[in-house]
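Subject: Structure for you to look at

Hello,

Here is the structure I said I would pass on. My notes on it follow below.

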Amino acid sequence: MSAFEGKLSPLVEQLAPSGIRRFFDLASQMDDVISLGVGEPDFVTPWHVREACFYALERGYTTYTANAGLPALREAIAQYLETFDLSYDPKDEVLVTVGGSEAIDLALRAVIQPGDEVLIPEPAYVSYEPCAILAGATVKKIATHAMDQFRLTEDALRAALTKRSKVLILCAPNNPTGAILDRAALAQIASVAIAHDLLVISDEIYAELTYGVRHVSIASLPGMKERTIVISGMSKAYAMTGWRIGYATAPRDVLAAMVKIHQYTMLCAPIMGQMAALEALRNGERERQAMVEQYDQRRRFVVKRLREIGLACHEPQGAFYAFPDIRASGLSSEAFAEQLLKVERVAVVPGAVFGPSGEGFVRCSYATSLAQLERAFERMDRFLNS
Amino acid sequence: MDSEKRIKLLHLLHENAKYTDEMLATLLDEEPAEVRAAIAEAEQSRVILGYSAIVNWDKVEGNGVTAVIDVRVTPQREVGFDAIARRIYRFSEVKSVALMSGAYDLQVVVEGSHLRDVATFVSERLATIEHVTGTATHFLLKTYKADGVIFDDREDEKRLVVAP
Ligand SMILES: Cc1ncc(COP(=O)(O)O)c(C=O)c1O
């Protein structure tokens with residue numbers, strides 16, 4: 001027993017233990033596991049990016065940077081976002097963060113007052129709810145369903161609204177479902193947001209990973225830029241998870257508030273990562289496209305194989321996840337994942353980890369080589385059908 | 001099949017010629033019959049000339065030697081370099097011949113079981129061909145990467161087994 005006993009923050013105690021963590025402990029004790037449970041690219045960061053980092057180190061780039069990030073990087077980010085019809089001033093509307101993760105935390109802390117309600121469509125990426133709670137908000141989850149391709153509908157959003165609803169967190173393309181939100185779906189959400197003066201935190205970290213459709217940012221819709229914080233980062237599209245570089249773009253008043261928190265808590269994002277991100281944004285398009293092409297091929301393979309082995313699966317149009325319906329197995333998502341791991345040594349993530357409406361589904365990441373995927377599906381076939 | 005997909009098909013086969021027609025169809029979002037037809041057509045028109053494995057010969061015992069030879073030639077009226085190239089590439093020792101821009105004209109790759117074989121081939125066969133004005137022979141010591149494939153032993157998985 002330490003002196004901290006009974007003295008921990010009640011906010012922290014309120015956080016549920018991570019469902020992913022438990023599963024990780026189980027899987028990491030086993031040999032010969034094929035993992036479809038990983039939420040990061042299987043590619044190593046392209047060599048030109050790594051090489052640019054060595055060069056930056058050789059020239060002595062080992063210092064702090066401006067709080068908001070290297071000016072050249074902020075400019076590159078602003079320029080890059082123009083491809084999604086977004087226009088931000090690199091001087092005071094762009095903030096470089098330690099991963100999209102930090103940007104989510106900053107965005108919430110910058111706007112939440114105690115008792116404010118944050119609306120989170122689920123199944124959702126696991127960090128939104130804890131970050132909202134730590135910021136002092138209460139969380140209201142909005143269920144989404146396979147029959148709607150896991151899209152947030154206008155009706156569901158309206159039904160969830162209360163007087164205290166302040167912020168809506170959107171994540172499209174979505175982790176864990178692979179769902180996207182097209183312009184029509186976004187327009188409906190935008191009209192509710194405008195009518196009810198909702199702020200939107202739009203996590204677009206998978207924006208580059210869409211298949212057959214182009215990503216649309218809700219901030220590019222009329223009347224939305226002024227009420228939206230866009231969050232993105234280098235982790236997914238450029239296979240740069242370990243570099244810890246993300247960013248937020250937003251109207252200058254809220255961005256200034258985020259910079260204020262960031263400057264006292266983080267000071268700045270690491271300069272090596274920022275130099276690497278700059279190289280990736282300037283010269284990384286060809287390699288990025290090659291990775292997207294591979295994800296797309298694997299996606300088709302995964303959806304086809306899931307259906308062949310008897311699992312219904314909506315077609316994921318973004319990110320690198322398929323989210324099949326496993327109810328036909330008669331098992332809960334947790335039991336399915338656990339038994340699949342123990343019997344056939346394939347790791348998938350139980351859908352319930354991402355929220356109650358994820359129950360009955362599991363997340364299969366296809367950020368894994370085609371050869372591994374082939375083997376994984378042989379095992380899953382055996383698990384289900386023999 | 002449209003031309004973009006045909007090119008993708010060739011890239012996929014180049015990467016792994018053992019993909020089944022069904023797998024290729026899935027990866028390309030096509031019907032297997034379409035894939036079969038496109039492959040047949042590519043074979044027919046000699047766009048696809050054969051299928052081979054990528055072998056790291058350095059790991060194979062008793063494998064011979066390879067030399068890259070820069071050859072300078074005087075091009076001939078009417079036929080340019082082609083006639084000389086043809087005389088060279090017909091030797092079974094020659095693995096590849098390419099016309100190059102720059103300091104020399106033909107790049108010839110030769111394989112033999114011993115250094116001596118290659119040396120003899122160059123001095124007795126290659127150098128004596130009419131219109132060949134000079135050769136420079138480089139013996140290949142180690143292959144690091146060929147045809148887009150890195151020959152080093154595989155890097156191990158560094159990611160955690162399960163991550164959000
Ligand atoms: C939806 C979503 N947002 C944000 C992140 C955080 O990524 P990072 O902090 O590496 O930028 C992730 C990572 O898995 C994610 O899936």
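The ligand site comes first. Helix α5 of chain A (residues 99-111) gives the largest share of the shell around the ligand, four residues. Please keep in mind throughout that this is a predicted model.

The shell has 15 residues in total, and those that come nearest to the ligand are A:G100, A:S101, A:D203, A:S235 and A:K236. Sorted by class, seven of the shell residues are nonpolar, five are polar and three are charged.

- A:G100 takes part through its backbone, with an N or O atom 2.6 Å from a ligand oxygen.
- A:Y206 takes part through its side chain, where an N or O atom is 2.9 Å from an oxygen of the ligand.
- A:S235 also uses its side chain, with a polar atom 2.6 Å from a ligand oxygen.

On its own the ligand has 400 Å² of accessible area, and the protein covers 95% of that.

Next, the cysteines. How many disulfides does the structure hold over all chains? The count is zero. I looked at two of the cysteines in chain A. For A:C53, the closest cysteine sulfur belongs to A:C268 and is 14 Å away; a disulfide needs the two sulfur atoms within 2.5 Å, so this pair is too far apart for a bond. A:C131 is in no disulfide either, and its nearest cysteine sulfur, in A:C171, is 13 Å away. Are these two cysteines buried or exposed? A:C53 has a relative accessibility of 7% and counts as buried, since the cut-off for that class is under 20%. A:C131 is buried as well, with a relative accessible area of 12%.

Some backbone geometry deserves a check on your side. There is a cis peptide bond between A:E122 and A:P123, with omega at about 10°. A:P123 sits in the chain A loop that runs between β3 (117-122) and α6 (128-134). Another cis peptide bond joins A:N175 to A:P176, and omega there is about 20°. A:P176 belongs to the loop between β5 (165-171) and α8 (183-195) of chain A.

In chain B, two aspartates have positive phi values. B:D29, a residue other than glycine, has phi near 60°. Its place is in the loop between α2 (21-28) and α3 (32-44) of chain B. B:D147 is not a glycine either, yet its phi is positive at about 55°. This residue is found in the loop between β5 (145-146) and β6 (149-150) of chain B. With 58% relative accessibility, B:D147 counts as exposed.

Last, the domains of chain B. The assignment gives domain 1 as 3-44 and domain 2 as 57-143. Taken over C-alpha atoms, the centres of domain 1 and domain 2 of chain B are separated by 34 Å.

Regards

Note on methods:
Residues numbered from 1 in each chain as written. Chains lettered and ligands numbered in written order. Predicted model: local features only at pLDDT ≥ 70, side-chain atom pairs only at ≥ 80, totals over all residues. Heavy atoms only, no water. Near = heavy atom within 4 Å. Polar contact = N/O pair within 3.5 Å; in protein donor to acceptor, adjacent residues only side chain to side chain. Areas by Shrake-Rupley, 256 points an atom, 1.4 Å probe, with all protein chains shown as cover. Helix = DSSP H or I, 4+ residues; strand = E, 2+ residues; numbered from the N terminus. Nonpolar A, V, L, I, M, F, W, Y, C, P; charged D, E, K, R; others polar. Buried < 20%, exposed > 50% of the residue type's maximum accessible area, 1.4 Å probe, protein only. Domains from an automatic or database assignment.
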